[in-house]
Amino acid sequence: MILNTRRCDGKLWDLVKKYLIHPRVLEVIELSRLYGVYRSNRPIIDRSLITSLVEIWHPETHTFHFRTGEETITLQNIEVLYGLPVNGDPILSDESMRTIGDWQNICQRLLGFIPLPQDFNRSSLKVTALNAHMLEQLQLPDLATQDIINQMARSYMFWMIAGMMMADTSGNYLKLIYLPMIEDLNVVSSYSWGSVTLACLYCFLCKASQSNQNEIAGFLPLLQVYLITTSIIYKYFFYFIIS
């Protein structure tokens, strides 16, 4: 069975393609060290390729069993391919019980809008709610305050984190537990985003490798780019040996 690949970043890349990000907003994203994810744009995911990788994934060792031996994605891979920091403070999600009213206040302060109660599913936010807000704020004036610039930058960063790097199988909701981590933009770059992204992907690979699963989530572009780059390296390695 070909696995369903769950992501909710499609509308994000539609926005990026249609409307250029304001230079001041882009500057904040660059300082956060998440720019590599934005720069990668929207890769086309090959479901058959992802499924074939899951079939040779061994949860016991967290490795792919190729005919040439065992391989796996490492922290070095994610740092080189996407520039995500792998050293620094751990990402500790806040699992404290928050009401919808609490999340509305957090969204207002950090993202600049108040979602409707029906836009929430426990501690997750509908993608359509964030998308509608960003469509209203895309044409930022050059004299926009730094608070507005920061709120728009957080909107992009939150969407990339919850909708791509740590995407879950919901398909149309973004987990709000990551939002408080980007409140202080001066310390966002100090977190080990690469470590948590890789750990999340490992988790979904292990779940998808079970026979009763029909979907997979996580940072699937990393999985696909890793295989392509590894194949190219092996190709040139064997070429130089033969020659």
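Tyr35 and Tyr38 sit three residues apart, about one turn, in helix H3 (residues 35-39). Helices here are DSSP runs of H or I with at least four residues, strands are E runs of at least two, and both are numbered from the N terminus. This is a predicted model, where local features need pLDDT of at least 70 and side-chain atom pairs count only at pLDDT 80 or more, while totals for chains, interfaces and linings use all residues. Residues are numbered from 1 along each chain as its sequence is written, and side-chain values use heavy atoms, leaving out hydrogens and water.

Now for the rings. Those of Phe, Tyr and Trp (its six-membered ring) pair if their centres lie within 6.5 Å; planes under 30 degrees apart count as stacked, over 60 as edge-to-face and the rest as tilted. By this rule there are seven aromatic pairs. Two of them, in brief:

| Pair | Centre distance | Plane angle | Type |
|---|---|---|---|
| Tyr35 and Tyr38 | 5.6 Å | 45 degrees | tilted |
| Tyr82 and Phe219 | 4.9 Å | 50 degrees | tilted |

Tyr82 belongs to helix H5 (residues 75-82) and Phe219 to the loop between strand E8 (215-216) and helix H10 (220-242), so this pair ties together parts 137 residues apart in sequence.

What about burial? Buried means under 20% relative accessible area, exposed over 50%, and partly exposed in between (1.4 Å probe, protein chains only). Tyr35, at 25% relative accessibility, counts as partly exposed, and Tyr38, at 17%, counts as buried. Tyr82 and Phe219 are both buried.

Elsewhere, Trp57, Phe64, Phe66, Tyr202 and Tyr226 form one aromatic cluster.
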